[in-house]
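Please consult the sequence and the model alongside the notes below.

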Amino acid sequence: MKKSPAPSEVYLEGVFQLRGRDFVDAGLVSSRIKNSLKNKGVPEDTIRKIAVIAFETEINIISYAKEGTISFYLLPDRVVIEAEDSGEGIENIEMALQEGFSTADDSIREMGFGAGMGLPNIRKFSDDFEIVSEPGRGTYLKSSVMLNGNYRAKDDQDDNA
Amino acid sequence: MTTLETIVETLGLKCKCCWEKLKTEVKGGYAGDLLSDVMANSKEHDVWVTRQVHQNIVAVASLKEHAGIIIVQGAQPDSDTLAKAQKEGIPVIVTELSEFEVVGRIYKLLHEQD
Amino acid sequence: MKLSEIRKILDARVVVGEDKLDLEIKTAFSADLMSDVLAFARAGCLLITGLSNPQAVRTAYALDIAAICVCRGKTLSAKFIEIARELKIPILVTDYIMFETSGRLFREGMTGCIREVAIEEKSRAQ
């Protein structure tokens, strides 16, 4: 799969492993990323966007992949969510990005997901969005939310104090 | 008596099919997106408010004898859904309003009649 | 509207958050589909849902939703309650269906946290 390079490891804040069909803890990665960004003093608006992106990414992996990882990075100007999975992949990305398009089964629908809003939501809340998929192999997704200059890392503030 | 037509006109909603059935009486309402819940709990002559758009909603509405379906939040019914609704004679109505707002207004209309 | 008033209007039980009955909530969002909540709900609102699995709590947490009202008298799992306690999100349970729940609150002056999606999208774009 052709994809742009990941951000430098220096900015890596966490990596989470997920298994397909393991719905019990769905949403946990989103909560953890949110807590971590709160502790770093990232603005609430940015955190909410990232939490939504992480949540939908998590549900996608659990619903459609065998296994996958979600990594998140905190750069000086942005937060980046990166996800890679091995699974069925996406046949037609253009279609998957349309609101309402879904290949979900009933079990996913009864969970409150599978209405074809996952990828559209991720794209909607991202300032920068990239997705590459190979049917039968897996999907790679990278999403960034900019910090708009409002953010100064807590560490920096401490230094100045 | 509150009809679908009263609701459509008062709230400024848009009917997508089965206009001829808008005179149907609405006796109550059901809001929800989980089809199994709708099957279990809704009643005949309810107007069903949802944001599900796939064609299964028509089968549910038809089976439960709903007065009609209102699809909220600007979601658009699939073409299969409309074709099936036309066949089954279930009015499908759309709106940009959120589920809470649409339900609140219909609830008020239904209770003003009391 | 205070959480205690919401409880009264909905004849609801407070499952988590007995200590937060003074919490003031002005807006609500009704949905069973969590992707819709993630797309459109706003921080500080009351989430009215018939979804009784833990994803509802985690969704509320992602968006800083003030409290959740589970309707249709659903039974909550121990896991649901445990996560709500951990994330400090008040949980009410009412036997009313979502239509009745939303209708009653609307009648008492609560408004949707978004009115129309189109307006929402425009304000987001600005």
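The notes below are grouped by topic.

This is a predicted model, in which local features need pLDDT of at least 70 and side-chain atom pairs count only at pLDDT 80 or more, while totals for chains, interfaces and linings use all residues. Residues are numbered from 1 along each chain as its sequence is written, chains are lettered from A and ligands numbered from 1 in the order in which they are written, and side-chain values use heavy atoms, with hydrogens and water left out. Chain A contains an open sheet of five strands, and the structure holds zero disulfides over all chains.

**The sheet of chain A**

- The five strands of the open sheet in chain A follow the order 1-2-3-5-4, with antiparallel pairing; strands are DSSP runs of E with at least two residues, helices are runs of H or I with at least four, and both are numbered from the N terminus.
- Strand 1 (12-19) and strand 4 (128-134) of chain A are the edge strands, each pairing on one side only; two strands pair if DSSP finds at least two bridges between them.
- From one strand to the next, the twist averages 10 degrees; axes are lines fitted to C-alpha atoms, for helices over the stretch in contact, and angles run from 0 to 180 degrees between N-to-C directions.
- Strands of a sheet pair through backbone hydrogen bonds, either parallel or antiparallel.

**Strand 5 and its partners**

- Nine bridges join strand 3 (residues 78-87) of chain A to strand 5 of chain A in the antiparallel sense.
- Across from strand 5 of chain A, A:Val79 stands opposite A:Val145, and A:Asp85 stands opposite A:Thr139.
- Strand 4 of chain A and strand 5 of chain A also run antiparallel, joined by seven bridges, and A:Ile131 stands opposite A:Leu141 in strand 5 of chain A.
- Strand 4 and strand 5 of chain A form a hairpin with three residues between them, and A:Gly136 in the turn has a positive phi of about 85 degrees.
- Eight of the nine residues of strand 5 of chain A are buried, where buried means under 20% relative accessible area, exposed means over 50%, and partly exposed lies in between (1.4 Å probe, protein chains only).

**Two residues of strand 5**

- A:Thr139 belongs to strand 5 (residues 138-146) of chain A and is buried because its relative accessible area is 10%.
- The side chain of A:Thr139 makes a polar contact of 2.9 Å with the side chain of A:Ser133; a polar contact is a pair of N or O atoms within 3.5 Å, and within protein one must be able to donate a hydrogen and the other to accept it, with residues adjacent in sequence counting only if both atoms are side-chain atoms.
- A:Ser143 is also placed in strand 5 of chain A, and its relative accessibility is 0%, so A:Ser143 counts as buried.
- The side chains of A:Ser143 and A:Ser126 are joined by a polar contact of 2.8 Å.
- Beyond its neighbours within four places in sequence, A:Ser143 is in contact (heavy atoms within 4.5 Å) with residues including A:Ile53, A:Val79, A:Ile122 and A:Asp128.

**Helices of chain A**

- Helix 2 (residues 44-64) of chain A lies across strand 1, strand 2, strand 3 and strand 5 of chain A, at about 165 degrees to strand 2 of chain A.
- Helix 5 (residues 118-125) of chain A is largely enclosed by the rest of the structure, because six of its eight residues are buried.
- The buried residues of helix 5 of chain A are A:Gly118, A:Leu119, A:Pro120, A:Asn121, A:Ile122 and A:Phe125.

**Cysteines**

- The structure holds zero disulfides over all chains, a disulfide being a pair of cysteine sulfur atoms within 2.5 Å.
- B:Cys17 is in no disulfide, and the nearest cysteine sulfur, that of B:Cys18, is 3.7 Å away; B:Cys17 is buried, with a relative accessible area of 1%.
- C:Cys45 is likewise in no disulfide, with the nearest cysteine sulfur, that of C:Cys113, 4.1 Å away; C:Cys45 is buried at a relative accessible area of 0%.

**Interfaces between chains**

- Chain A and chain B bury about 470 Å² between them, of which carbon and sulfur atoms give 43%; buried area is the accessible area (1.4 Å probe) that two parts lose on being put together, summed over both.
- On the side of chain A, A:Arg109, A:Glu110 and A:Ala115 lose the most area to chain B, together 77% of what that side buries.
- Between chain C and chain B the buried area is about 2,500 Å², with 64% from carbon and sulfur atoms.
- C:Phe99, C:Phe106 and C:Arg115 supply 30% of the area that chain C buries against chain B, more than any other three residues.
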